[in-house]
Amino acid sequence: MPNSVIVKRKVLFGDCDPEGIVYTPRFSYFVIEAVHDALSVWLSGPGLRTLLGFDLLPPARAFSLEFLHPVTWDDELSMTVTVSSVSLHSFTFAIEGNLAPDIKAFTASLTHVCVSPVTKEIIEVPQALRALLAPDERRGSRATAGG
């Protein structure tokens, strides 16, 4: 798979409840935004727009999230995004959110399925996209996006 991408994000006041703890639904936004930033690195262009350029619609097929540590206002999340699998019709990302190297806040998995924009039928992952998301030992180390 391509190398992991690290996306950093500061938790904003609006992400939190009155006690300063991140609202549970906000984690889905964090995950989706991190995946889009990682796609920008891997696809060498604006993540979602470049993905749509492969003549597909990428709705989410599956999303899972495991909370491991509270996240509060002004915390900086460092999210590591990797491609965990590419199958015939879908591709899956693994996301690990950390507050510090030794504090894992959450883990998540997001799977997108490929759908034809014309027929709205499930299609195979385009070969050109598969090549970008497939293993490649020639790539360098981790990239960083966001800030």
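R26 and D15 join their side chains in a salt bridge, with N and O 2.8 Å apart. The model is predicted. The bridge links distant parts of the chain: R26 sits in helix α1, D15 in the loop between β1 and α1, eleven residues apart. Both R26 and D15 are buried. For D15 the relative accessible area is 2%, so the residue falls under the 20% limit for buried.

A polar atom of its side chain lies 2.8 Å from the backbone nitrogen of L12. The side chains of D15 and R26 also count as a polar contact, at 2.8 Å. Leaving out residues up to four places away in sequence, D15 touches R9, K10, I21, V22, Y23, R26 and F30. R26, for its part, lies over the face of Y29, 4.5 Å from the ring centre.

Now widen the view to charge pairs. Side chains of opposite charge can pair when their charged atoms come close. The whole structure holds four salt bridges. One of them joins R9 and E33, whose closest N and O atoms are 3.3 Å apart. This pair also spans distant parts of the chain: R9 belongs to strand β1 and E33 to helix α1, 24 residues apart. R9 has a relative accessible area of 15%, so it counts as buried. E33, at 34%, counts as partly exposed. Another bridge connects E96 and K104, at 3.5 Å from N to O. E96 is partly exposed at 29% relative accessibility. K104 is partly exposed too, at 37%. Shared partners join R9, D15, R26 and E33 into one network of salt bridges.

Next come the rings. The structure contains six aromatic pairs. One of them is F27 with F30: the centres are 5.7 Å apart and the planes stand at 70°, which makes the pair edge-to-face. Why are F27 and F30 about one helical turn apart? They are three residues apart in helix α1, which spans residues 26–42, so about one helical turn separates them. A second example is F91 with F93. Their centres lie 5.7 Å apart and their planes meet at 80°, over the 60 degrees needed, so this pair is edge-to-face as well. F91 is buried at 0% relative accessible area, and F93 is buried at 0%. Ring pairs also tie F27, F30, F67 and F106 into a cluster.

What about the cysteines? A disulfide is a covalent bond between the sulfur atoms of two cysteines. The search of the whole structure finds zero disulfides. C16 is buried, at 7% relative accessibility. C114 is buried with a relative accessible area of 0%.

The last stop is S116. Where does S116 sit? It lies in the loop between β5 (103–113) and α3 (127–133). Its relative accessible area is 11%, so S116 is buried. The side chain of S116 reaches the backbone nitrogen of V118 at 3.2 Å. S116 touches L57, E121 and I123, again leaving out residues up to four places away in sequence. S116 and L57 are 59 residues apart in sequence, yet their C-alpha atoms are 6.2 Å apart in space.

Notes. Residues are numbered from 1 along each chain as its sequence is written. Side-chain values use heavy atoms; hydrogens and water are left out. Rings of Phe, Tyr and Trp (its six-membered ring) pair if their centres lie within 6.5 Å; planes under 30 degrees apart count as stacked, over 60 as edge-to-face and the rest as tilted. Helices (H or I, at least four residues) and strands (E, at least two) are DSSP runs, numbered from the N terminus. Buried means under 20% relative accessible area, exposed over 50%, partly exposed in between (1.4 Å probe, protein chains only). A charge sits over a ring if NZ of Lys or CZ of Arg is within 6 Å of the ring centre and within 35 degrees of the ring normal. A polar contact is a pair of N or O atoms within 3.5 Å; within protein, one must be able to donate a hydrogen and the other to accept it, and residues adjacent in sequence count only if both atoms are side-chain atoms. Contact means heavy atoms within 4.5 Å. A disulfide is a pair of cysteine sulfur atoms within 2.5 Å.
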